[in-house]
Amino acid sequence: RVCGYLACRIEIDEDGFVSDVIAVCDTLQADWDDFRGVIGYDEADRPVMEDAVSDVRLTIFETLKDLNLGEGEDGRAVVIPFAFE
């Protein structure tokens, strides 16, 4: 559904929980071969367009924010790369 590269910096607090997720490199683009256009309609009968890039970013954020990486020093961070082909 998307193509490109996304690297996320995950900042970790002293309890091991994620305190912030920041995109440090983002070249994601919709895969036009898989683009569906209108995927539904809202309450006012306006078309709702597919936004595959936002869907992927949100899914990654929602997954990463719930990680627990174990107790340690405050201010730890790790960068996780994601490549979509």
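Guide: A cavity here is a set of grid points where a 1.4 Å probe fits but cannot get out, and its volume is the space filled by probe spheres set on the points. Please keep in mind that this is a predicted model.

Visitor: How many cavities of 30 Å³ or more does the structure hold, and how much space lies in the largest cavity?
Guide: The structure holds one cavity of 30 Å³ or more, and about 40 Å³ of space lies in the largest cavity.

Visitor: Which residues line the largest cavity, and what makes them lining residues?
Guide: Lining residues have an atom within 4 Å of a point, and for the largest cavity these are Arg1, Ala30, Asp31, Asp34, Phe35, Glu50 and Ala52. By class, that lining has three nonpolar, no polar and four charged residues.

Visitor: How do you know how many disulfides to count?
Guide: A disulfide requires a pair of cysteine sulfur atoms within 2.5 Å, and by this rule the count comes to zero. The sulfur of Cys3 has its closest cysteine sulfur in Cys25, at 15 Å, and is therefore too far away for a bond. Cys8 is in no disulfide either, for the nearest cysteine sulfur, again that of Cys25, is 10 Å away.

Visitor: Where is Leu6 found, and why is Leu6 called buried?
Guide: Leu6 is found in strand 1, residues 2–12, and its relative accessible area is 3%, which is under the 20% cut-off, so Leu6 is buried. Leaving aside neighbours within four places in sequence, Leu6 is in contact with Ala23, Cys25, Asp26, Leu28, Ile60, Ile80, Pro81 and Phe82.

Visitor: What makes strand 4 and strand 5 a pair?
Guide: Pairing asks for at least two bridges, and three bridges join strand 4 (residues 38–41) to strand 5 (residues 47–49), so the two strands pair, running antiparallel. Gly40 stands opposite Val48 in strand 5. The two strands form a hairpin with five residues between them, and Asp45 in the turn has a positive phi of about 65°.

Terms used:
Residues are numbered from 1 along each chain as its sequence is written. This is a predicted model: local features need pLDDT of at least 70, side-chain atom pairs count only at pLDDT 80 or more; totals for chains, interfaces and linings use all residues. Side-chain values use heavy atoms; hydrogens and water are left out. On a 1 Å grid over the protein atoms alone, a cavity is a set of points where a 1.4 Å probe fits but cannot get out, and a pocket is an open set with protein on both sides within 12 Å along at least five of seven lines; lining residues have an atom within 4 Å of a point. Ala, Val, Leu, Ile, Met, Phe, Trp, Tyr, Cys and Pro count as nonpolar, Asp, Glu, Lys and Arg as charged, and the others, Gly among them, as polar. Helices (H or I, at least four residues) and strands (E, at least two) are DSSP runs, numbered from the N terminus. Buried means under 20% relative accessible area, exposed over 50%, partly exposed in between (1.4 Å probe, protein chains only). Contact means heavy atoms within 4.5 Å.
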